[in-house]
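Hi everyone, thanks for coming.

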Amino acid sequence: MLGSLADRWSALSETWYSKQFGGKERIQFYESMVALLENGVGINDALKEVGDVYSDGGKQPNHPIALACSAIGLSVRNGKKLAAACQAWMPYQEVAIIGAGEKSGNLLQACFDCVRIIEARQKITSLVLSASLYPSLLWGLMAYLLHIVATKMVPAMARRSDPESWSGIPALLYAIANFVNHWGLVTLICIVLFVISSIVTLPYFTGPIRVWLERFPPWSIYKALHGSTFLLNISVMLRSNVNQIDALDALKLNAKPWLRERMTAARYGVRMGKNFGVALHLAGHQFPDKQAVQFLCVLATRKGFSEAIHRFSNRWLDNTLKRVERYTKSFLLASSIAIGVLMILVLIGTYSMQGDVTHTIQR
């Protein structure tokens, strides 16, 4: 009984600390491992030395990198492969790359590739967050402004003049105020729930409707992020002499339902004898991207496909960053225009209503 509780507590603790082993810490881990491995230090010794450095000789035993090195090192000493030992601490893409590096004997290159994937993901995430923060503030300001229009400005003017006699922009503001008063809260709740559910279900929502939705953000951004890292993962494993089916199996192993659906369909096509590009095309998901699939169909028929897809994946990653930046700038521009139009309507409507009230009083 006590032993079972202790094992469960140990598993929960490892899960908790593995969540603290984020992208920044993993980059430091990979770079530290490279510094030792390229100088002939063995994996076991390298893990121990890196752990000692980040624990400050045992003074900070709960440092995420020190804990990761300790747990991974223990598993490796017990006979596990490095990739298997890393499963509890790293995303499946990085585990697959490490596994490919072990098989090919090029663990150094695998570490470099893992760093590149993390940095690419961080760049995309940073772009999305930086461009979402200001539009979110604008939309919040717009909601507050609509609330003021509906509860303060229009009712105050309606007490001085009959709203039914209003025309033009004042009439439009009166209609907006009525909508906000009757449906504003319901609309706001529905929008917030839609945004939250869309983001939360990104890794799980599958099927033909999802394919259609991937023309629009946030689904298009999610697809761009995972599509570019997928190409990079595949290119790394193919260069490490991992065959296409094994590479897809490795990526599918711990993937969420959305990505697993695409890996399964692509694997089926490859297993039926189709080349990699054709298999992705026949899957019907337009993943990682319709244009990318067309290029892969051509490249897969040429010699040196592993090198060709590696070069293509690097270029595609750069293009993805530019595309995400365009998405975010477009959203920022649309948000700025929306709040600007609303403010102009309020100003013009206010002057018009004040003019009508003054005219009525003078009569």
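I'll talk about the cores, then the salt bridges, then the pockets.

Quick housekeeping. This is a predicted model, so local features need pLDDT of at least 70 and side-chain atom pairs count only at pLDDT 80 or more, while totals for chains, interfaces and linings use all residues. Residues are numbered from 1 along each chain as its sequence is written, and side-chain values use heavy atoms, with hydrogens and water left out.

Okay, cores. A nonpolar core is a set of buried Ala, Val, Leu, Ile, Met, Phe, Trp, Tyr and Cys residues joined through side-chain atoms within 4.5 Å. Buried means under 20% relative accessible area, exposed means over 50%, and partly exposed is in between, using a 1.4 Å probe and protein chains only. The largest nonpolar core has 38 residues, and those touching the most other members are Phe29, Tyr30, Ile72, Leu82, Trp89, Met90 and Ile98. Helices supplying at least two residues each include α2 (23-37), α4 (64-77) and α7 (107-158); helices here are DSSP runs (H or I, at least four residues), numbered from the N terminus. Which helix gives the most to this core? That's α7, with eight residues.

Let's zoom in on isoleucine 72. Ignoring neighbours within four places in sequence, isoleucine 72 is in contact (heavy atoms within 4.5 Å) with Leu47, Leu82, Ala85, Cys86, Trp89 and Met90. There's also a second, separate core of 34 residues, with Ala100, Met237, Trp258 and Val293 among them.

Next up, salt bridges. Side chains of opposite charge can pair when their charged atoms come close. Here, we call it a salt bridge when a side-chain nitrogen of Lys or Arg is within 4 Å of a carboxyl oxygen of Asp or Glu. The whole structure has six of them. In one, arginine 262 meets glutamate 214 at 3.2 Å, N to O. Arginine 262 sits in helix α12 (257-271) and glutamate 214 in the loop between α9 (208-213) and α10, so this pair ties together parts that are 48 residues apart in sequence.

Are those two buried or exposed? Arginine 262 is buried, at 1% relative accessible area, and glutamate 214 is buried too, at 6%. Arginine 262 also pairs with glutamate 261, at 2.8 Å, and glutamate 261 is partly exposed at 25%.

Another bridge joins arginine 267 and aspartate 249, at 2.6 Å. Arginine 267 is in α12 and aspartate 249 in α11 (244-252), so the pair ties together parts 18 residues apart in sequence.

Last topic: pockets. On a 1 Å grid over the protein atoms alone, a pocket is an open set of points where a 1.4 Å probe fits, with protein on both sides within 12 Å along at least five of seven lines; lining residues have an atom within 4 Å of a point. The largest pocket has a volume of about 1500 Å³, where volume is the space filled by probe spheres set on the points, and points are joined across faces, edges and corners. Of its 41 lining residues, Ser136, Trp139, Ile191, Val195 and Phe331 lie nearest the centre.

The second largest pocket is about 700 Å³. Its lining has 26 residues, and Met90, Pro91, Tyr92, Gln93 and Lys256 are the closest to its centre.
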